Amino acid sequence: MEVDVLKRVPVREQEPKVRAANFDEVCLGYNKEEAMGEATRCLQCKNPQCVKGCPVNIDIPGFIKELAEGKVGEAYQVISRYSALPAVCGRVCPQETQCEAKCIRGFKGDAVSIGKLERFVADTAAEEGIQPAKAEKMNGKKVAVIGSGPAGLTCAGDLAKLGYDVTIFEALHKAGGVLSYGIPEFRLPKDRVVDKEIENVKSLGVKIETNVVIGKATTIDELLNEEGFDAVFIGSGAGLPKFMGIPGENANGVFSANEYLTRSNLMKAFDDNYATPIAAGKKVAVVGGGNVAMDAARTALRLGAEVHIVYRRSEEELPARVEEVHHAKEEGIVFDLLTNPVEIHVDDEGNVTGMTCIRMELGEPDDSGRRRPVEVPGSEFTLEVDTVIMSLGTSPNPLISSTTEGLETNKWQCIVAEEENGQTSKAKVYAGGDAVTGAATVILAMGAGKAAAKGIHELLSK
Amino acid sequence: MYKILKKEYLANNIWLMDVEAPRVAKSCLPGQFVIVKMDEKGERIPLTVCDYDREKGTVTIVFQVVGASTKEMAEYEVGETFMDFVGPLGCPSELLELSEEELKKEKLLFVCGGVGTAPVYPQVKWMKEHGIDVDVIIGARTKDILILEEPMKKIAANLFIATDDGSYGFKGNACDQINELVKNQGKEYTRVIAIGPMIMMKFVALLTKELNIKTIVSMNPIMVDGTGMCGACRLQVGDKVKFACVDGPEFDGHLVDFDQAMLRQRMYKTEEGRAMLRVQEGDTHHGGCGQCK
């Protein structure tokens, strides 16, 4: 195929009008011809900047080189030396601010479409049944991993490849953490992508025990002292949803994004064959501007609602990925920017009938460097909605920190851990991901899981 | 998979089951709850722990058929398995934190209604095992729907049965019985633990506020994950919003906003009713759910 070196090979997507009414994946990905064509755009830099932009330092030129020659299996083995979840990362990593942001091609033209290539390699490997290479022999040491989200799966996968006997404890009934309960099907298919990658981690010898709440059913100390684990990695995720504290917030029809997404993604409430209900709403306001807000908004849209995003700053400050905002707009989501909720109206039955909002304008920059939104006096107006979804982030879950002696937390109740190796204040205990940083991205959690695996290996191979 | 080892019909559509769940049985305490998910497509159903046997590795649950999912649960037989059974969740009863000395100073009155009798049982049993005598009231509409009377009689110092229609024991509701004990018989209590329907807990709390007796209630709001992730179970407690799954399920009854909690509990009533009709009527479904044409 003809490739313009300055332009990336376009990727096929479902039409916005069609996809707004289904839960199928939005982006269809490259076929082999397209992927090989895009791969030829890679300059194979001697000092590749893209690798530095990747939190898990994948040998990007290395896998692209194999792919350009059509050797997809080899390309997969290159990636899987660094990442346990390439099909996930190819879809949900913010490549535009990481690897692709550093691509030399990007100085004059489009950066190489690294994420889409990674996705193609991982999907093809899955279709062909290629699995990551297993450890040659076990070293007899046991490691417990708390949580089966991106941090836990990465840490477990890396340790298993080094010959450790790894058991993951998951509180929910299904493995995957945010990949299963949080990110919707249309962005990250569960059966085809998430479950497959979890199977790959298991194929390395990792055991996953679901329905075990660490901090309740058993504690970190019991794992170390009674169950014979030599080290523990905590990747328990973000935690309790935040609310605004405005009047009417406990009305029926006000949800946290976590609840709305968990009902739809984990419990599959959108499918009538599943028992869990969801009050989807006819006119929905999603408060917040992050990726989770976009996910909740686009889920509500697919469940048949008219959806507004209510965000107090301007478009420029939206924390969500540009691609997500673009997709949301294409699908018909209305963005009420520089707008902040003041009060939720409730009828006698306790149901939401509307939400008073106030217009904002941007003032001086605040601590985060972003211009602080300030209220425009007298600009209140009412948005008629029957459902409000609060997507304001989370605060850490106290289950583990409150039941583990000697585990230090900071003033936000996040677990304190060294960045380079995940070591906490407690011997043999490592941590990473949202439990340490507060809500962040899948790939940062994976980076932390990887660093901790290295830290644990250094400890146990002494 | 979690195997059902025992199944018993108590009364009034209320069932008891012993389920094999060694990790839960090893660590659960009175006041905590579990979540049961019957199969792949099931809901996550929160149920308070009613008893446990650490040696056998079993946990006893008691549930009332109130919707499609609990109806299906009642159809499970001994030897069959639930796909998921997770716990213990929530905080143990606050009473367990008191020292034996402090407990001996307390005069405890447990007030139970309906299926709420089940979670009271392990608390009373725990007290008995620690040498603490407690009084228990079981309130019911009528004699036929009483549950756990015999087991409770064995462990309570005094068991009072109150029926609305006077068909058994004291004639009147739980509040009338509290009034009878405190106002007429001059009994003194330092603490009331009330577990039952929200409406019962609301009125018990109103009465004990007037009587100036500290009161603990156990809340059972709608939940999804039960581990502090979704916030569906939030309640107004005094001037704070609390999550029943991690902050509770027990709270100060004088601070809980029961009216709001009752409205929140009704959130999925219509959906549940429809689902119930689908199960009951099966292929013969003839409308009435409000959804079909």
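Mentor: Helices (H or I, at least four residues) and strands (E, at least two) are DSSP runs, numbered from the N terminus. This is a predicted model, where local features need pLDDT of at least 70, side-chain atom pairs count only at pLDDT 80 or more, and totals for chains, interfaces and linings use all residues. Residues are numbered from 1 along each chain as its sequence is written, chains are lettered from A and ligands numbered from 1 in the order in which they are written, and side-chain values use heavy atoms, with hydrogens and water left out.

Trainee: Okay, is A:Glu316 buried or exposed?
Mentor: A:Glu316 sits in the loop between strand 10 (306–310) and helix 15 (322–330) of chain A. Buried means under 20% relative accessible area, exposed over 50%, and partly exposed in between (1.4 Å probe, protein chains only). With 74% relative accessibility, A:Glu316 therefore counts as exposed.

Trainee: How far apart in space are A:Glu316 and A:Gly239?
Mentor: In sequence, A:Glu316 and A:Gly239 are 77 residues apart. Going C-alpha to C-alpha, the distance in space between A:Glu316 and A:Gly239 is 28 Å.

Trainee: How are helix 2 and helix 4 of chain A oriented to each other?
Mentor: Two packed helices are described by the angle between their axes and the distance between the axes. Here axes are lines fitted to C-alpha atoms, for helices over the stretch in contact, and angles run from 0 to 180 degrees between N-to-C directions. Helix 2 (residues 32–39) and helix 4 (residues 60–68) of chain A pack at about 125°, their axes 8 Å apart. Since angles under 35 degrees count as roughly parallel, over 145 as roughly antiparallel, 65 to 115 as roughly perpendicular and the rest as oblique, helix 2 and helix 4 of chain A are oblique.

Trainee: Which residues of helix 4 of chain A meet helix 2 of chain A?
Mentor: Contact means heavy atoms within 4.5 Å. From helix 2 of chain A come A:Ala35, A:Met36 and A:Ala39. On the helix 4 side of chain A, the residues are A:Ile64, A:Leu67 and A:Ala68.

Trainee: What kind of pair do A:Phe23 and A:Phe186 make?
Mentor: Rings of Phe, Tyr and Trp (its six-membered ring) pair if their centres lie within 6.5 Å; planes under 30 degrees apart count as stacked, over 60 as edge-to-face and the rest as tilted. A search of the whole structure finds seven aromatic pairs over all chains. For A:Phe23 and A:Phe186, the ring centres are 6.2 Å apart and the planes at 50°, so the pair is tilted.

Trainee: And which residues form one aromatic cluster?
Mentor: A:Phe23 and A:Phe186 are both buried. The cluster is formed by A:Phe23, A:Phe186 and A:Phe270.

Trainee: Where is B:Pro249, the one with the cis peptide bond from B:Gly248?
Mentor: Most residues other than glycine have a negative phi, and most peptide bonds are trans. The bond from B:Gly248 to B:Pro249 is cis, with omega near 10°. B:Pro249 lies in the loop of chain B between helix 8 (244–247) and strand 16 (250–252).

Trainee: Last one: is A:Lys268 buried or exposed?
Mentor: A:Lys268 has a positive phi, near 55°, in a residue other than glycine. Its place is the loop between helix 13 (257–266) and strand 9 (283–287) of chain A. At 15% relative accessibility, A:Lys268 counts as buried.
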